[in-house]
Amino acid sequence: MKSNVAPKIAAATDRAELVRMLETIDARLRWLSSWIIHNANHIRESRDGLKVGGHQASCASMTAIMSALYFHALRPQDKVAVKPHGGPVLHAIHYLLGNQSLEQLQAFRAMGGAQSYPSRTKDRIPVDFSTGSVGLGVAITAFSSLVQDYLIAHGQMHESDSGRMIALMGDAELDEGNIYECLIEGYKHDIRNCWWIVDYNRQSLDSTTADRMFRRFDDIFETCGWRVLTLKHGKLQREVFQRPGGKAIEQWIDDCPNAEYAALTYQGGAAWRTRLTADLSGNRSALKLIASFDDDQLSALMLNLGGHCIETLLDAFAEADDERPTMFIAYTVKGYGLPFQGHKDNHAGLMNPTQIAALRTSLGINEGEEWAPFAGMGTNSAAAVQAFIEPRRPAIIPQRPVPGPITVPKRFPVPDGKEQSTQAAFGRILLDLAKSGDPFADRIVTTSPDVTVSTNLGAFVNQRGLFRRQELKDIFAGYKIPSPQKWEGHEAGQHIELGIAENNLFLMLAALGLSAPLFGQRLLPVGTVYDPFISRGLDALNYACYQDARFLLVATPSGLTLGPEGGAHQSINTPLIGMGQPGLDYFEPAFADELALFMQRAFARIDAPDGGSTYLRLTTRAIEQVERTDDSWEADALKGGYWLRHPAPGANAAIAFTGALAPEVLAAWDELREDISGLGLLNITSPDLLHRDWSAAAASRWQNGERQPAHIEKLLAPLSSSAVIVTAIDGSPGALSWIGAVRGHRVSGLGLDRFGQTGDLPDLYSAYRLDSDAMIDAMAGLFLD
Ligand SMILES: Cc1ncc(C[n+]2csc(CCOP(=O)(O)OP(=O)(O)O)c2C)c(N)n1
Ligand SMILES: [Mg+2]
């Protein structure tokens with residue numbers, strides 16, 4: 001027996017030492033995160049009088065969680081999304097490791113400094129997932145775990161290298177609908193290796209949160225296959241509950257509404273005593289137990305919630321050490337340990353200089369030593385903490401593999417056909433790529449929110465299969481029921497079918513589009529969606545672009561041109577979305593050969609070091625293709641526009657158009673050219689690139705001292721200075737009408753600023769003034785005016 005005792009004592013000592021270290025780090029993170037924010041708001045000179053901000057209470061809420069996670073549970077292969085307002089804690093962690101500079105911390109929220117919210121692209125410390133828009137940073141971890149499984153299933157990653165995708169989240173994020181859309185999708189795909197750790201401080205931005213949700217989150221997550229671990233009470237509380245009268249205190253805590261608990265937390269020990277004594281007045285042992293603590297001890301007891309107790313956190317993390325998706329509900333106090341702890345208005349609360357000085361003093365840190373990472377600990381303790389954190393470095397600052405480049409074929413096949421729609425051509429091009437046997441096609445992964453078939457991805461899916469970790473039989477095929485669509489899922493499949501939740505599509509694309517930086521394997525993601533429903537996932541799209549996820553978005557059908565499919569589905573403002581979204585190049589081809597060109601460019605850009613994502617706005621309208629005599633149009637088309645009919649030098653008119661209106665535009669051009677000699681016809685393939693290039697050219701004069709003409713300036717150069725231009729697009733006219741400002745030409749902009757009618761194309765184009773008559777009228781109007 002005796003021989004067993006020594007290892008047990010050693011283990012207990014090790015554990016006690018571990019807890020002590022993590023507690024020390026917890027306190028230090030609380031200090032540093034507070035100080036980073038304090039410095040930005042109270043010490044750094046303000047030049048504009050604007051509030052700088054930062055969230056000391058949100059940080060203090062989760063320093064224990066982050067201490068236990070980063071310095072104990074985290075492994076190099078794990079990836080973390082940190083709650084936006086917990087950003088300073090992450091910076092403080094890297095600062096302790098010597099991986100974040102003092103200058104960056106001092107420039108928190110200043111230009112070039114540590115970012116307000118963790119940013120993959122802007123921060124200098126490694127950030128796995130950007131956060132900021134609450135809810136999205138949480139959900140992307142679920143989609144990333146799916147991407148990890150995809151890579152493993154495709155032999156691009158070893159199972160043994162798989163990590164956990166971890167979200168450190170605020171409890172108010174549980175109100176975001178995208179969480180539940182993702183939960184459902186995650187369940188369907190049987191995701192694993194995902195941890196969501198909720199900083200359950202029961203406070204949001206405005207106030208304390210609704211009590212009615214107590215236990216509801218557990219139900220919801222458990223229903224979706226998650227293990228839920230609730231860390232309500234810390235070790236001290238649990239011990240006290242065992243003492244005579246303790247059960248009554250436990251019951252009292254469980255019954256206490258969120259707002260009451262928070263208000264008492266703010267008021268402190270004396271208030272706790274008054275309230276508990278009154279409420280438990282009939283229970284002598286409880287009263288005796290309460291009386292055994294002084295005010296400070298009583299406050300410490302009541303605040304000893306699971307999320308602030310290192311031991312409780314360690315146990316919970318250990319319990320979830322398998323691949324089952326797990327939600328930890330870690331009860332915390334917002335602003336824990338700070339003077340405004342529990343106050344309902346503390347979200348953006350900042351300590352004043354007196355308060356922060358008191359916190360500094362309580363930690364033994366001298367004035368002037370605020371930034372010293374281990375100040376106030378004493379030499380031996382500081383050395384011990386440093387020795388403790390050093391071996392944790394590889395888990396916190398992992399080496400992420402950098403993938404080699406992918407060779408994208410120089411030209412993509414152009415489908416045959418005198419009449420074609422860009423949507424059908426898209427399906428054909430993807431199919432041809434799938435059949436080509438080119439290894440590049442093995443990197444393509446398609447995804448769609450229940451519109452795979454109707455956006456012409458079907459042929460690709462038939463060729464390459466649905467991705468499922470568990471085999472999915474095509475029952476209809478089994479019964480030999482004829483169907484053009486094979487719907488069989490297996491590990492090698494290259495299409496991820498999503499339910500009808502467009503927001504999930506963009507989060508899926510975000511996760512797939514980060515496969516290279518996260519997992520060292522580049523995927524070429526293609527997502528399809530109906531163009532109007534881009535708006536459903538707009539914030540997630542922006543989120544994906546913000547963190548430089550790389551993908552191809554194909555949106556179809558678009559505009560009025562979807563005709564009888566209904567006014568509700570007409571997309572009007574998507575060209576402006578395409579133009580306004582940084583990180584996303586918007587093209588709207590009119591012809592199949594243009595599309596092939598832009599698809600090639602899009603895939604190449606996914607893998608290019610300074611690349612980005614692409615949005616193709618397509619249509620179901622089959623139109624007559626143009627005859628090409630050579631490929632001289634291509635270079636200009638790739639820059640955003642080319643002359644389909646060159647204007648004569650000094651021409652005094654042109655028509656400029658985008659996309660599916662080509663037949664109407666060509667008819668109008670044919671009719672007008674008899675009266676307007678040298679009339680030009682400009683095909684604007686990307687209003688986005690054209691406009692951005694024009695803005696950049698203007699800025700470059702002042703930034704680089706050099707003014708290179710923009711592509712649109714060169715295109716319009718042959719026109720006379722008094723020329724007029726009719727522009728036409730199946731969308732907001734503002735996407736094109738700006739070209740009048742380039743050289744001072746008068747413009748009549750045709751497009752959509754109303755919507756909602758159903759009809760066939762002749763009726764619709766006539767009603768919305770997009771037919772050739774309208775174009776001729778517009779030209780006449782310009783000449784008459
Ligand atoms: C989509 C979105 N809506 C609103 C905000 C503004 N906002 C920032 S934090 C926050 C509440 C955060 O509460 P919680 O998630 O509980 O975090 P805590 O600070 O309490 O830890 C809100 C509404 C945001 N960042 N993103
Ligand atoms: Mg909260």
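A: Around ligand 1 there are 18 residues, the closest being S58, K83, H85, D171 and K334, where a residue counts as near if one of its heavy atoms lies within 4 Å of the molecule. This is a predicted model, in which local features need pLDDT of at least 70 and side-chain atom pairs count only at pLDDT 80 or more, while totals for chains, interfaces and linings use all residues. Residues are numbered from 1 along each chain as its sequence is written, chains are lettered from A and ligands numbered from 1 in the order in which they are written, and side-chain values use heavy atoms, with hydrogens and water left out.

By class, the shell around ligand 1 holds 3 nonpolar, 9 polar and 6 charged residues, with Asp, Glu, Lys and Arg counted as charged, Ala, Val, Leu, Ile, Met, Phe, Trp, Tyr, Cys and Pro as nonpolar, and the others, Gly among them, as polar.

A polar side-chain atom of D171 lies 2.6 Å from an oxygen atom of ligand 1, and a polar side-chain atom of K334 lies 2.8 Å from an oxygen atom of ligand 1.

D171 also belongs to the site of the magnesium ion (ligand 2), which is coordinated by D171 (OD), N201 (OD1) and Q203 (O) at 2.0 to 2.1 Å; donors are N, O and S atoms within 2.8 Å of the metal (3.2 Å for Na, K and Ca), and water is not among the atoms, so sites may look incomplete. In sequence these donor residues follow the spacing D-x29-N-x1-Q. Both N201 and Q203 are buried, meaning under 20% relative accessible area (1.4 Å probe, protein chains only).

Definitions and conventions: Polar contact = N/O pair within 3.5 Å; in protein donor to acceptor, adjacent residues only side chain to side chain. Buried < 20%, exposed > 50% of the residue type's maximum accessible area, 1.4 Å probe, protein only.
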